[in-house]
Amino acid sequence: MRRITLSRYLIEEQREKGKINADLRLLIEVVARACKSIAIAIGKGGLGGEGGILGEAGSDNVQGEAQKKLDVLSNEIFLEANEWGGHLAGMASEEMELPHAIPNRYPQGEYLLLFDPLDGSSNIDINVSVGTIFSVLRCTEGDDPTQANAFLQAGTRQVAAGYAVYGPTTLFVLTVGDGVVCFTLDRELGSFVLTQENIQIPHDTKEFAINMSNMRFWEPPMQRYVNDLLSGKEGPRGKDFNMRWVASMVVDVHRILTRGGVFMYPLDSKIAAQGGKLRLLYEANPMAFIVEQAGGAASTGHCNIMDIQPSGLHQRIPVILGSKNEVALAVAHHLKD
Ligand code: AHG
Ligand code: MN
Ligand code: MN
């Protein structure tokens, strides 16, 4: 069997298809290497480092969320791996209030890297799958990559996006705007090997993902839509739906990439002031890019996620993404209102 490693895939995207250049290839390879380091740290669990890598870091991030040790460690792994290669102009992360400037002693490149170093933090301590999400933009000429403004670009301007899943196997899912591919970490060789090409999300589904405990706080259109799903065969949809909620966005989205479904984190009255739960630049946009590249759709309920002009580095938005026809039905409920 022909084994295509991530390196080979990227070289072919560069040399034969002209989809990426050498710097973007290096960037993606470095990101994948950082994900391998995170996978190794996670695999050690309570055995890793002094006192293990599980539990609280004892600090809060800019969004007021308690950081886990692994949030902090994964962020450090990403910064350290990416700052010296010469491919980046700057980096921004869920775990840092401001962009991370590339130290002067290293050359600067043209790309901006945004990431959620550890997605699904609440699952770390209970040994449930977590992930990493990343998005790549080009730094606009004249913009200062040490300032948040440089990163405030619509999702349509992403040049690459991807995520790693740290589960029973470690996966690396990627788009460079040429469809979606999935690599599996070969632990003996230490390399990511292509295991799925041209991933396509089925347009229809009978599975939805949402945190139902918030139902009474949602806006009426979302309540009506989910009520239709819950009514099953006897309701307006005429079919029964199944529900899944892992509470790691990466894993819920990966399930949708594998067998279809709709993932939702809508606005609710508890989080109305902050605009939603999920962050636009390093959670919603990269996932929207991947999902659209796989034939799915991603909306806030009112507009396509990737069309939003961001107003802040840590801006949050409502998210509805996955199987195209199901997303359209959820959106239709919002338009009626
Ligand atoms: P993070 O761990 O990066 O803060 O993200 C957690 C997110 C997302 O992964 C998940 O879908 C959602 O929060 C879960 O939220 P609830 O705990 O409210 O269900
Ligand atoms: Mn997250
Ligand atoms: Mn996170």
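A polar contact is a pair of N or O atoms within 3.5 Å; within protein, one must be able to donate a hydrogen and the other to accept it, and residues adjacent in sequence count only if both atoms are side-chain atoms. By that rule, 15 residue pairs, both at pLDDT 80 or more, are in polar contact between domain 1 and domain 2.

This is a predicted model, where local features need pLDDT of at least 70 and side-chain atom pairs count only at pLDDT 80 or more, while totals for chains, interfaces and linings use all residues. Residues are numbered from 1 along each chain as its sequence is written, and side-chain values use heavy atoms, with hydrogens and water left out.

Let's look at the two domains. An automatic or database assignment sets their bounds, giving domain 1 as 6-196 and domain 2 as 207-336. Their centres, taken over C-alpha atoms, lie 24 Å apart.

| Domain | Residues in contact (heavy atoms within 4.5 Å) |
|---|---|
| Domain 1 | 48 residues |
| Domain 2 | 30 residues |

About 2800 Å² is buried between the domains, and carbon and sulfur atoms give 63% of that; buried area is the accessible area (1.4 Å probe) that two parts lose on being put together, summed over both. Ile133, Leu152 and Tyr163 supply 21% of the area that domain 1 buries against domain 2, more than any other three residues.

Which side chains meet in a salt bridge? Those of Arg279 and Glu94 do, at 3.3 Å from N to O; the term requires a side-chain nitrogen of Lys or Arg within 4 Å of a carboxyl oxygen of Asp or Glu. The count between the two domains is one salt bridge.

Conventions
Chains are lettered from A and ligands numbered from 1 in the order in which they are written.
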